[in-house]
Amino acid sequence: MTAKKNARGWGEEWPIWIIGNIMFTLLLAVWLIDRIAPDFLEQSTPSCFVRQHVGMYCTGCGATRAVLAVLRGHLLQSLYYNVAVMYVIVFCGVYVIRGWLYLLTKGKYSYMRFYVAYVFAGLGIVVLQAVVKNVALFVYHYTWMT
């Protein structure tokens, strides 16, 4: 084994787990803001530049709406807006929880290994959903989001 391991025995997994915790904390902050001022996030987020100026959906179109839908408990609506958001939330959630279980049980439960294939799967989802939305728009004249 050539990879160095830090004091907790995580090796290269430690920074990725920290990033997952930061993402979870940011999601919690967005949830709190949405509870305190429900209309603030929808009114303060800009429209998609690509959709507005090019006329097609970009790979991130619907992500803000999807995050807000998840936080409000509308999971199917979130999938409709942007499938990748649900993928990231579920993946990060499982990854962070498994890391906390590993830490709290002092290694009794193993942590989840991170593989680059997870990133490629997410990128595939992002590209596929953008293609589907644009085919629906240009071929079938179906406006996914207004």
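In this predicted model, helix 6 (83-104) and helix 7 (116-138) are roughly antiparallel to each other, because their axes cross at roughly 160° and an angle over 145 degrees falls in that class. The two axes come within 8 Å, and helix 6 passes helix 7 in a right-handed crossing. On the side of helix 6, the contact is formed by Val83, Ala84, Tyr87 and Phe91. Their counterparts in helix 7 are Tyr118, Ala121, Gly122, Ile125, Val126 and Gln129. By residue class, this contact comprises eight nonpolar and two polar residues, with no charged residue.

The axes of helix 1 (residues 13-36) and helix 4 come within 10 Å and cross at roughly 75°. Helix 1 is therefore roughly perpendicular to helix 4, since the range for this class runs from 65 to 115 degrees. Helix 1 contributes Leu27, Val30, Trp31, Asp34 and Arg35 to the contact, while Val67, Leu68 and Leu71 are supplied by helix 4. Six of the residues in this contact are nonpolar and two are charged, and none is polar.

The largest nonpolar core consists of 11 residues: Tyr57, Cys58, Cys61, Ala66, Ala69, Tyr81, Val85, Ala136, Leu137, Trp144 and Met145. Helix 4 (63-71) and helix 7 (116-138) are the elements that each provide two or more residues to this core. A separate, second core contains six residues, among them Trp17, Phe91, Val96 and Met112. Phe91 of this second core also takes part in the contact of helix 6 with helix 7.

Ala136, a member of the largest core, touches His141, Tyr142 and Trp144 when residues up to four places away in sequence are not counted.

Lys106 lies in the loop between helix 6 and helix 7, the helices that form the roughly antiparallel pair. Its relative accessibility of 77% places Lys106 among the exposed residues.

Conventions:
Residues numbered from 1 in each chain as written. Predicted model: local features only at pLDDT ≥ 70, side-chain atom pairs only at ≥ 80, totals over all residues. Heavy atoms only, no water. Core = buried A, V, L, I, M, F, W, Y, C linked by side-chain atoms within 4.5 Å. Buried < 20%, exposed > 50% of the residue type's maximum accessible area, 1.4 Å probe, protein only. Helix = DSSP H or I, 4+ residues; strand = E, 2+ residues; numbered from the N terminus. Contact = heavy atoms within 4.5 Å. Axes fitted to C-alpha atoms, helices over the stretch in contact; angles between N-to-C directions. Parallel < 35°, antiparallel > 145°, perpendicular 65-115°, else oblique. Nonpolar A, V, L, I, M, F, W, Y, C, P; charged D, E, K, R; others polar. Left-handed = near helix turned anticlockwise from the far one by under 90°.
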